[in-house]
Amino acid sequence: MHKHLTCACGHMIHADSDDEMVRKAQEHMKMAHGKTITRDDVLKMAKEAKH
Ligand SMILES: [Zn+2]
Ligand SMILES: [Zn+2]
């Protein structure tokens, strides 16, 4: 299932699995914002996408 997560900064993350989304979102939050985000929070914010 493809999912998108749009960060507050406008950066969009694409992923094809929950694990990939969590990894990419955590990496973005840390690298771009110096923040850590939990797996639950990532999955709450991620939305199913079709393209
Ligand atoms: Zn961001
Ligand atoms: Zn996508």
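Student: What radius of gyration would a compact globule with 51 residues have, and what does this chain have?
Tutor: The globule would come out near 10 Å, and the chain has 10 Å, so the two agree. That radius is taken over C-alpha atoms, and the globule rule is 2.2 Å times the number of residues to the power 0.38. Along the principal axes, the C-alpha trace spans about 30 × 20 × 15 Å.

Student: Where do these coordinates and labels come from?
Tutor: This is a predicted model: local features need pLDDT of at least 70, side-chain atom pairs count only at pLDDT 80 or more, and totals for chains, interfaces and linings use all residues. Residues are numbered from 1 along each chain as its sequence is written, while chains are lettered from A and ligands numbered from 1 in the order in which they are written.

Student: OK, how many helices and strands are in the chain?
Tutor: Two helices and three strands. From the N terminus on, they run β-β-α-α-β. Helices (H or I, at least four residues) and strands (E, at least two) are DSSP runs, numbered from the N terminus.

Student: In what order do the strands sit in the sheet?
Tutor: The open sheet has three strands in the order β2-β1-β3, with antiparallel pairing. At the edges are β2 and β3 (47–48), each pairing on one side only. Helix α1 packs on the sheet, touching β1 and β2, and its direction makes about 155° with that of β2. For that angle, axes are lines fitted to C-alpha atoms, for helices over the stretch in contact, and angles run from 0 to 180 degrees between N-to-C directions.

Student: What counts as pairing?
Tutor: Two strands pair if DSSP finds at least two bridges between them. Strand β1 (residues 3–6) and β2 have four bridges, and β1 is joined to β3 by two.

Student: How much of the chain is buried?
Tutor: Buried residues make up 18% of the 51 residues.

Student: Which residues are in the largest nonpolar core?
Tutor: There are eight: L5, I13, A15, M21, V22, A25, M29 and V42. The elements giving two or more residues to this core are β2 and α1. Helix α1 gives the most, with four residues. A nonpolar core here is a set of buried Ala, Val, Leu, Ile, Met, Phe, Trp, Tyr and Cys residues joined through C-beta atoms within 7 Å.

Student: Why does V22 count as buried?
Tutor: Because V22 has 20 C-beta neighbours inside 10 Å. V22 lies in helix α1. Leaving aside neighbours within four places in sequence, V22 is in contact with R39 and V42. Contact means that the C-beta atoms, placed from the backbone, lie within 7 Å.

Student: And Q26, buried or partly exposed?
Tutor: Q26 is partly exposed, because 17 other C-beta atoms lie within 10 Å. Q26 is also in helix α1 (residues 18–33). Beyond four places in sequence, Q26 is in contact with T36, I37 and V42. The C-alpha atoms of Q26 and I37 are 5.9 Å apart, though 11 residues separate them in sequence.

Student: V42 keeps coming up! What does V42 touch?
Tutor: Not counting residues up to four places away, V42 touches L5, M21, V22, A25, Q26 and I37.

Conventions:
Buried ≥ 20, exposed ≤ 12 C-beta atoms within 10 Å, placed from the backbone. Contact = placed C-beta atoms within 7 Å.
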